[in-house]
Amino acid sequence: MSVVSSKNEVVTSRFQGPLEDETCRRFVLPALERAGWQEDQITGQYPINRGRIRATARRHRQDKPLKADYLLEYSDGLPLAVIEAKRSRRDPADGFEQVKRYAELLDVPFAYTTNGHQIFELDARTGHLNEIQEFPSPEELWARYRQDRDLTDDGQATLASAPFNSRSRNWDGSFKDPRYYQRVAINRTVQAIARGDTRMLLVLATGTGKTLVASQIVAKLWNANWPRGRRPRVLYLADRNILIDQPKDDYFQPMFGEAVHKLGGGEAKTGRHIYLGLYQSLDSSRDEESLYRQYEPGYFDLVIVDECHRGSASENSHWRKVLEYFSPAVQIGLTATPVIGKDTDTYGYFGEPLYEYTLARGIDDGFLAPYRVRKVRLNVDMTGWRPDPGQADLLGREIPDKLYGPREYERVLAILDRTEEAARYLTDYLHRTGRMGKTIVFCANTDHAFRMTKALHNANADLVRRHGSTYACRITAADGDAGRERLDEFRQVDSDVPVIAVTSRLLSTGVDIPTLRNIVLFRVIRSMPEFKQIIGRGTRIFREDGKLSFDIIDFVEATRLFNDLEFDGPPMRVVRDETDAEGNIADTVNEDVPGDDEEMVAEPEGEYTQEDGGTLPPLVTDPDEVDDILANPRTFYVDGVQVTPWGSALYVSEPSTDGTRLRLVEYEQFVRDRILKLNLEPHQLLGEWAQAQGRRALRERLDESHIATEDLAEWAGRPDADTIDLLMYLAWELPLMSRSERARRVAVRHRDFLESFAPEAREVLDRVLEQYAERGAEELEIGALRSNAYEDLGNVLEISERFGGRDRLRGVLDELNALVYEAS
């Protein structure tokens, strides 16, 4: 086989001719150079995605990433075409489907596949696939691209081809290079602005970088001197402080410096270019004196609305008036969860999405963390609870005689033992998986959150003594500045504490927690937007801390929403967060219960008042909740109720057949399906496992099917069982056998075999069986003899001499393997 020594030297294998990378170097690059492409316009081995992360109980593996052999860009961040190269003896048509997929993902209209001798061009504009003699020049391809995207005049072309801003940096100082889908969102939006569109919607899953997209859209407009040869004046709107401060500090100020200003204090400051403001600050008085009315309607060229499914989403909202006042501006809505309802329609205001990037796509690309779901059912949730006739609660109040269930728990009736049992379950889980794994617990209300925090303190007294009250702490709107300080600490990637944040709704949206490993659902959730936002808290990846997946512990069947067709699908109803004048959450009101044909409660028009006891209760629209409050305005507290888990089930997330959605599959069914696809009968599977070489091959096949032995043992609650027995139990419901039982069976049934060896050799075999029973099948292989468990018996060479040499030892271990896995 030849080796590479220069750019133009041929590298061949004995069978395939020039390798693909040499096809690139010898044929493709010279052809591109002849066509006029410059080095900075050609990106080789362009990484499209990272490859899906496959999570198991103790480790992760990542699929191979998608990489395009070449990406051709007209200017920085503006791709025109993608190229797939094949070996010279391969038919270039073999790369057609591959390069077509790349082109669709990268949103480029031109795709090429070549073996160095032939070039085929796919033009997405016409749908034609033609053989061509040479690659088109950059200017020729740019002219065709402009025609495809309706960028007819030079001003539109200048805006579309404006470069990114490279001042935004990652934690390690590297450029925050937009990912492929972010580039698509940025370019589609800028090109729509160039064409004169004024209302645009981008739908990007939580954790996929909407703020980066927004900042680079502004950067392109800035660098192109849009509009009319000057810098743009931009208004960035949100309804929470954290949704303003984080973009300002992490993106806009590093990129634009002194041009950035946060609005507030009732002063309509001018002389800057990029303004970030809360709706509450802009419309605090809700009259002609409001801050936003101190600006002319045409003052801002661009308005960006973060989380546009909230706040101004309702056409009757006061905050919608802010958008209507600045109607001359181009307006871009950003959200992960567009909504539609009687008086709320994200699409109706902003139009159909220019681009959508779903949670399923993000996980499949390896940009978002996959998750597993543990459904835990408590007995009182399954059967309900009914008081004895005349029974009083802990405050001496008689409890109305009725059957209570999860819908009433914590709102009408609080069973203290239920909260304590959930805290015990979570504590046991953290003992198994890592007690310092950052966790959010979502409770029904602030009172429930306090009791959960107390129960977690009591269950983890040793860590509370070590870390103080910060090990587990309540973070709700009721905790004021102290709660916000704890939240800031919890968010930091370099902070160990707080470990467990207990909340009701404060952390459900708008908070980046890259190191979050566990989400605990302990309150009923019926709102799809809220559910998606909560799940989004865990989807961020943080490789530096080894956070590549997360777990969801569900006590209340909230994860049933994963199986709803609306998950990663059509728009959902509204969840409205009530905030104070500072932009901090005061409470949240669900509006997802009424149907489309039912009357929905509009935003209250009157002013609220302060009383000595605090703020007035939030607006309630759930009819069942209204009935509960009218019938019984107090929460009853009881204890002494026996609460136990009635079992739990492990679920994994898998893409649907078309790859557009995620579905939950119970782990038992997941494994059974994949074992049966191996097309092996039970005795064949056992036979393969009984040989060291076959066992290794089978493990590789299991790994390719994303089955990890750690998960099997954890799912069954049988860490003492052999992997092969777990597999046969799951696939064919054969009886489970522990490793100790298999080892004892060898000792009893095959005593003659063991006693046929000299005492010093028998000692080794007894130790091997002992280690197998304790640790697993790996102990039956000769390599295991190097472990510390055998050091008192000597090294492998010395142990081999007890059997007459290494080959004889290997043969004996093969026999022992066969006896251990002898068919039952």
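Here, Ala, Val, Leu, Ile, Met, Phe, Trp, Tyr, Cys and Pro count as nonpolar, Asp, Glu, Lys and Arg as charged, and the others, Gly among them, as polar. Keep that in mind for the pocket views below.

**View 1. The whole chain, shown as a predicted model.** Before zooming in, take a moment with the overall fold. The chain holds 28 helices and 31 strands, and 56% of its 824 residues are buried.

**View 2. The largest nonpolar core, with Tyr-180 and Phe-256.** This core has 89 residues, and Tyr-180 and Phe-256 are the ones with the most contacts inside it. Helix H5, residues 180-194, contributes the largest share of the core, at nine residues. In general, nonpolar side chains of soluble globular proteins tend to be buried together.

**View 3. The surroundings of Tyr-180.** Leaving aside residues up to four places away in sequence, Tyr-180 touches Tyr-46, Ile-48, Leu-105, Leu-106, Tyr-355, Tyr-357, Arg-361, Asp-365 and Phe-367. You will find charged side chains in this list too, namely Arg-361 and Asp-365.

**View 4. A second core, around Trp-385.** A separate core of 71 residues can be found elsewhere in the chain. Its members include Trp-385, Tyr-429, Val-464 and Leu-487.

**View 5. The second largest pocket.** The volume of this pocket is about 1700 Å³. It is lined by 48 residues, of which Asn-170, Lys-176, Arg-179, Tyr-251 and Ile-541 are the closest to its centre.

**View 6. What lines the second largest pocket.** Strand S3 (42-47), H5, helix H6 (210-223) and helix H7 (241-256) each supply at least two residues of the lining. H7 gives the most, with six residues. Sorted by class, the lining has 18 nonpolar, 17 charged and 13 polar residues.

**View 7. Leu-278 in strand S14.** Look for Leu-278 in strand S14, which covers residues 274-278. Leu-278 counts as buried because its relative accessibility is 4%, and buried means under 20%. Leu-237 is 41 residues away from Leu-278 in sequence, yet their C-alpha atoms are 5.9 Å apart in space.

How values were computed. Residues are numbered from 1 along each chain as its sequence is written. This is a predicted model: local features need pLDDT of at least 70, side-chain atom pairs count only at pLDDT 80 or more; totals for chains, interfaces and linings use all residues. Side-chain values use heavy atoms; hydrogens and water are left out. A nonpolar core is a set of buried Ala, Val, Leu, Ile, Met, Phe, Trp, Tyr and Cys residues joined through side-chain atoms within 4.5 Å. Buried means under 20% relative accessible area, exposed over 50%, partly exposed in between (1.4 Å probe, protein chains only). Helices (H or I, at least four residues) and strands (E, at least two) are DSSP runs, numbered from the N terminus. Contact means heavy atoms within 4.5 Å. On a 1 Å grid over the protein atoms alone, a cavity is a set of points where a 1.4 Å probe fits but cannot get out, and a pocket is an open set with protein on both sides within 12 Å along at least five of seven lines; lining residues have an atom within 4 Å of a point. Grid points are joined across faces, edges and corners, and a volume is the space filled by probe spheres set on the points.
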